[in-house]
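Subject: Structure to look through

Dear colleague,

I am passing on the structure we spoke about, and below it you will find my notes on what turned up. Please read them with the model open beside you.

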Amino acid sequence: MRRHVMTPLLAAAMLWGCGSERAQTGAQTARDGVGKVDAALLTSGGDGHDWAMTGFNYQEQRFSPLTQINAGNVGRMGLAWFADMPDARGQEATPIVIDGKLFVTGPWSKLFAFDAVSGRKLWEYDPGVDKQKAVQACCDVVNRGVAAWKGQLFLGTLDGRLIALNAETGTPNWSVQTTDNSRPYTITGAPRVVKDMVIIGNGGAEFGVRGYVTAYDATSGAQKWRFYTVPNPTGAKDGAASDAAMAKVSPTWSKNGQWKQSGGGGTVWDSIVYDAELNQLYLGVGNGSPWNHGLRSEGQGDNLFLSSIVALKPETGEYIWHYQETPAETWDFTATQPITLATLPIGGQQRKVLMQAPKNGFFYVIDRTNGRLVNASQFVPGVNWASGYDLKTGRPNENPAARYYRTGKPFLTVPSALAAHNWQPMAFSPQTRLAYIPAQSVGAAYLNPSSPLDQRQPIGFNVGQDLGNAMYPRDAAAVKGATAGATGSLVAWDPVANKPRWKVDYPTPWNGGTMATAGNLVFQGTALGEFRAYAADSGKQLFSFPAGTGIMAGAATYMVGGKQYVAVLAGRGGALPLSIGYAIGKARDVPNRPRLLVFALDGKAALPPAPGATPAAPVPLPTETVAPQQVAQGKLLFGRYCQVCHGANAAGGGVLPNLQNSPVLADAETWKSILIDGALKDQGMVSFAKVMTPEQAQAVRHYIIDEARWARANLGNANAAGKPTAAATPAETASMKTGAR
Ligand code: CA
């Protein structure tokens, strides 16, 4: 069935692979685990036997030189072992693997160590994050991985701590609180280690914080420097590395905008990349707080360094250069997405560039010697906020209609806050010279707040949008259209020619990160539950494994005892399944089984039989009368406070319970105990008493009853009720069963 032709590219790769086979002997005799991780290893990535940092090496190409598994034999790949993970929430981490030990993080910032060959769990570390912190996490209680350096592992926690652990035992050596935990800061990103310093950012711009990055001494945890990405709203100096830069960018902010209360945003929640060639550190800076530039900065100024890439001196945190991708950001267009370094032949010269495919739908190639834009091209169809870039000024040619706060009219923006490409890792192969973008098409309407409800509140998103009204209309055709329009793709992008070389389409968005190898392969999981491999040069699909659950994370590969393995975390969650409601489409029916899957050639392990695929019987809806006024009030409240986690229109996304099918809808007392008294706060569902009266909480219940009745009548029971999420059973959770080896 599968036919494989050895391309010249693959032949070259295999020849090169011989070199790494020889190097294997040396690597095995010099085995000393995480103790060996230093600047030399992280700069080169070594021979590929280790995957020593989240992006493979400092260039963060997520490209491995290993070739044992290649385009000619990947069809023989099978499951070597698997491990059930304890928390059925978003699995976003890339494992790191050093000398046969695999370290991976899960939801609630938990860290797990495995024997990378047998799958035996060596230890686990739970930092004990207060579950109530979940309400300050915009996009699930996720974690994207750890950093390793000279015998220690470094973990950022959802509640803002940076913890150094002994890699052998998993016991903490030191811990520092990197944020003011009375503010809605979170950490979900992987730390990076540069020159014996651990660099960590944070998130929280949806709620209202001021972004910054801090460097800590890897041995002692002592703070070395801090760089704020936006000016101090008080106008005071911070005594930080950013002071000189802030003095220069302050005029790009208005005198009296809401940034004075919110902190302005600009959080660095994912990509921080060290350039060992030029000795520069690059920050990917996030969106504004609130999103709405009209409210945030009175519609004035570019608001630096929002949505920018900023280069710093790693020793001191001093500013070198910046490039702002989206001036006067107003759509939650972050520049936090993965940054990849390479040298590319452009215009007859070898150019040292960085590449990024951020939320806003343009693929950027930037000269990292000076921060100048080399090229910016749309990598998904339908981008409508800007038509292109002026390469002289580096600024976008904007569509004036996209600035909804100026026109006063709503604008359906493509892409949207949910992104043309989000945090899912992007790989780059220096062999094919292609970047592999986990792309998607998801639009969203932006409009100014229409009610006091949408002003700043002590709980919930504070983004300066009409969130209360921003859900799907009661129109079956519109709902089906939105669902059909939300799609995904794997785009193999040529950054020299500025165009896609090949593309694979997916029926739903939120597919997995990518990983490329010298075996002419690209690996990617899908939202609908497959782990796939494609030929890196042609995009031909060569392998598919039924994972039984959606995959978002990026894979890693490593070699132990002469055998190459590919490891990926499987499991659903994150911003999109939480918030998008009906438009998640078929992915809503995919079970959520959090697992670490590890593959090798001729792997023979098998997953347990998939749980029953029969849809849950829709829970009978209460027969009580719901008054239109109450329903209307409940809808505004649900849209404002609930939809970002429970899905637009309370439709759920297969991660949190589907409220349209909740037995609690019929029980007003229990409903109150949850929404007002915080009965489920230890599961992350806090009390909303600060912003809702008990009567308003009942209005929310009535709205959901009404929405469920409409959905069952107009969208069909299966769509309205959704299918059960097959989370790990309590028994499995307790024992964290490890699978066959
Ligand atoms: Ca954001």
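Leaving aside residues up to four places away in sequence, Glu60 touches Met53, Gly55, Arg192, Ile272, Val273, Ile339 and Thr340. Please keep in mind, here and below, that this is a predicted model. Glu60 itself belongs to the loop that runs between helix H2 (39-44) and strand S1 (63-64), and because its relative accessibility is 6%, while buried means under 20%, Glu60 counts as buried. With one of the residues it touches, Arg192, the side chain of Glu60 also makes a polar contact of 2.8 Å.

Are Asn287 and Asp332 buried or exposed? Asn287 is buried, and Asp332 is buried as well.

Turning to the aromatic rings, a search of the whole structure gives 34 aromatic pairs. In one of them, Phe154 and Trp174, the ring centres are 6.0 Å apart and the planes meet at 45 degrees, so the pair is described as tilted. This pair links distant parts of the chain, since Phe154 is in strand S8 (residues 152-156) and Trp174 in strand S10 (residues 172-177), 20 residues apart, and both Phe154 and Trp174 are buried. For Tyr364 and Tyr389 the centres are 5.5 Å apart and the planes stand at 85 degrees, so that pair is edge-to-face. Here too distant parts of the chain are linked, with Tyr364 in strand S23 (residues 362-367) and Tyr389 in strand S25 (residues 386-390), 25 residues apart, and Tyr364 and Tyr389 are each buried. Tyr364 and Tyr389 also belong to one aromatic cluster, which they form with Tyr323, Trp331, Phe333, Phe362 and Trp385.

Finally, there are charges placed over rings: Lys131 lies over the face of Trp108, at 4.7 Å from the ring centre, and the charged end of Arg210 sits over the ring of Tyr228, 3.8 Å from its centre.

Definitions and conventions. Residues are numbered from 1 along each chain as its sequence is written. This is a predicted model: local features need pLDDT of at least 70, side-chain atom pairs count only at pLDDT 80 or more; totals for chains, interfaces and linings use all residues. Side-chain values use heavy atoms; hydrogens and water are left out. Buried means under 20% relative accessible area, exposed over 50%, partly exposed in between (1.4 Å probe, protein chains only). Helices (H or I, at least four residues) and strands (E, at least two) are DSSP runs, numbered from the N terminus. A polar contact is a pair of N or O atoms within 3.5 Å; within protein, one must be able to donate a hydrogen and the other to accept it, and residues adjacent in sequence count only if both atoms are side-chain atoms. Contact means heavy atoms within 4.5 Å. Rings of Phe, Tyr and Trp (its six-membered ring) pair if their centres lie within 6.5 Å; planes under 30 degrees apart count as stacked, over 60 as edge-to-face and the rest as tilted. A charge sits over a ring if NZ of Lys or CZ of Arg is within 6 Å of the ring centre and within 35 degrees of the ring normal.
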